[in-house]
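Here is a short briefing on nonpolar cores and salt bridges. Look over the structure, then read the points below.

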Amino acid sequence: MVSWSAFDGYGIQVGSTDFSSETFGFCVPSTCVSIYASDLSRAHVTAQTIADAAGLAVTQHLGLRERSFGDFQGRTFAEIEVELPEHAHHWRTRTPDWAPP
């Protein structure tokens, strides 16, 4: 299976779908002009499958690596605002070198 994800203008994932790799060539939008992936091997393999079907190259970007969100994991932002307000502030203001607890 190969996953296809869509992102909004802020880089937030807004949807994803799984396809079998055999049918993927029919699913790559004709407007697709770039393929980006993290440097993690499974992400690169998925991106390469898409790129091959679209006739494009894969560009690796370290900023696309998965992250652990610690105590934020599984909570809504509203819950984080109430339960961890100081950390919510750091998240919103993108404090350098800060990570969720």
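A nonpolar core is a set of buried Ala, Val, Leu, Ile, Met, Phe, Trp, Tyr and Cys residues joined through side-chain atoms within 4.5 Å. Buried means under 20% relative accessible area, exposed over 50%, and partly exposed in between (1.4 Å probe, protein chains only). This is a predicted model: local features need pLDDT of at least 70, side-chain atom pairs count only at pLDDT 80 or more, and totals for chains, interfaces and linings use all residues. Residues are numbered from 1 along each chain as its sequence is written, and side-chain values use heavy atoms, with hydrogens and water left out.

**Cores**
- The largest nonpolar core has seven residues: Cys32, Ile35, Ala37, Ala47, Ile50, Ala51 and Val58.
- Strand 3 (35–37) and helix 1 (41–54) each give two or more residues to this core; helices (H or I, at least four residues) and strands (E, at least two) are DSSP runs, numbered from the N terminus.
- Helix 1 gives the largest share, three residues.
- A second, separate core of five residues includes Phe72, Ile80, Leu84 and Ala88.

**Salt bridges**
- The count is three salt bridges, each a side-chain nitrogen of Lys or Arg within 4 Å of a carboxyl oxygen of Asp or Glu.
- Asp39 and Arg65 pair at 2.6 Å, N to O. They sit 26 residues apart, in distant parts of the chain.
- Glu83 pairs with Arg75 at 3.2 Å, N to O.
- Arg92 pairs with Glu81, with the closest N and O atoms 2.6 Å apart. Arg92 lies in helix 3 (residues 85–93) and Glu81 in helix 2, so the pair ties together parts eleven residues apart in sequence.
- Arg92 is exposed at 56%, whereas Glu81 is partly exposed at 29%.
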